[in-house]
Amino acid sequence: LEEEKKAAKEEAAILAEEKKLEEERKVAEDDETARLDEEKRPEEEKKGAEEEGARLAEEKSLEEGKNSEEEAAQGEGGNESKRLGEEQGETPTTAEIKEDGSDGEGKKWFTCEELKKPIEGVDWSKREEYLSIDEFQSLFGMDKEEFASMAQWKRTTAKKKAGLF
């Protein structure tokens with residue numbers, strides 16, 4: 001009877017140790033899976049951002065071709081941004097140019113709301129660069145240098161939240 005109790009205790013200790021080792025293995029496996037997911041996520045987001053950029057470039061190219069054809073057919077010049085806005089059912093902006101917050105390069109500044117519509121001379125893919133220093137800081141919570149140093153996928157996410165992507 002004494003030996004049976006001792007054997008039962010030893011078996012219980014062995015089972016407890018096996019359970020502990022199994023839990024540790026599971027935690028290590030979960031950690032490894034999380035680490036691999038973290039490594040894969042930026043690659044997937046970068047790929048997604050690149051695909052989105054290619055898609056937007058293709059749409060812009062098609063739109064420019066369409067506008068050129070219309071211009072040739074109508075025999076008149078015109079403002080590409082204005083036509084683009086009209087085709088999208090928007091009224092092109094007649095934003096006043098702000099000179100406050102200039103960095104000395106004579107760059108034109110616009111508000112975030114103004115940049116959500118086509119503006120002649122504004123690079124659609126880099127609209128955040130046309131925000132004044134103060135508006136950029138208030139919109140993104142950082143200065144332009146910090147923003148530029150972020151990973152592309154993080155900049156894209158921030159621009160989406162601000163409505164500039």
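Why does Phe140 count as buried? Its relative accessibility is 12%, and therefore Phe140 counts as buried; the term buried stands for under 20% relative accessible area, exposed for over 50%, and partly exposed for what lies in between (1.4 Å probe, protein chains only).

The structure shown is a predicted model, in which local features need pLDDT of at least 70 and side-chain atom pairs count only at pLDDT 80 or more, while totals for chains, interfaces and linings use all residues. Residues are numbered from 1 along each chain as its sequence is written, and side-chain values use heavy atoms, with hydrogens and water left out.

The overall picture comes first. The protein has five helices and zero strands, where helices (H or I, at least four residues) and strands (E, at least two) are DSSP runs numbered from the N terminus. Read from the N terminus on, the elements follow the order α-α-α-α-α. Among the 165 residues of the protein, 19% count as buried. Of the contacts (heavy atoms within 4.5 Å) with a separation of 6 or more, 34% involve residues 24 or more positions apart.

How confident is the predictor? The mean pLDDT of the protein is 75, and 68% of the residues score at least 70; pLDDT is the predictor's confidence in each residue, from 0 to 100. Confidence is lowest in helix H2 (residues 80–87), with a mean of 42, and highest in helix H4 (residues 144–149), with 93. Residues 75–103 have a pLDDT below 50, and this stretch has 43 contacts in the model beyond near neighbours in sequence. Where pLDDT is low, the predicted coordinates should not be read in detail.

The structure holds three aromatic pairs. Rings of Phe, Tyr and Trp (its six-membered ring) pair if their centres lie within 6.5 Å, and the planes count as stacked under 30 degrees apart, edge-to-face over 60, and tilted for the rest. Phe136 and Phe147 form an edge-to-face pair, 5.3 Å centre to centre with 90 degrees between the planes. This pair links distant parts of the chain, with Phe136 in helix H3 (residues 133–140) and Phe147 in helix H4, eleven residues apart. Phe140 and Phe147 form a tilted pair, with 4.7 Å centre to centre and 45 degrees between the planes. Phe136 is buried, and Phe147 counts as buried because its relative accessibility is 5%.

A charge can also sit over a ring, if NZ of Lys or CZ of Arg is within 6 Å of the ring centre and within 35 degrees of the ring normal. Arg127 lies over the face of Trp124, 3.8 Å from the ring centre.

Helix H5 (residues 152–162) has buried residues at Arg155, Thr156, Ala158, Lys159 and Ala162. Seen down the axis of H5, these buried residues fall within an arc of 165 degrees, so they line one face of the helix; the arc is that of the directions from the helix axis to the C-beta atoms. On the other side of H5, Lys160 and Lys161 are exposed. Lys161 counts as exposed because its relative accessibility is 74%. Lys161 and Leu139 lie 22 residues apart in sequence and 9.5 Å apart in space, C-alpha to C-alpha. After H5 comes Gly163, whose phi is positive, near 80 degrees.
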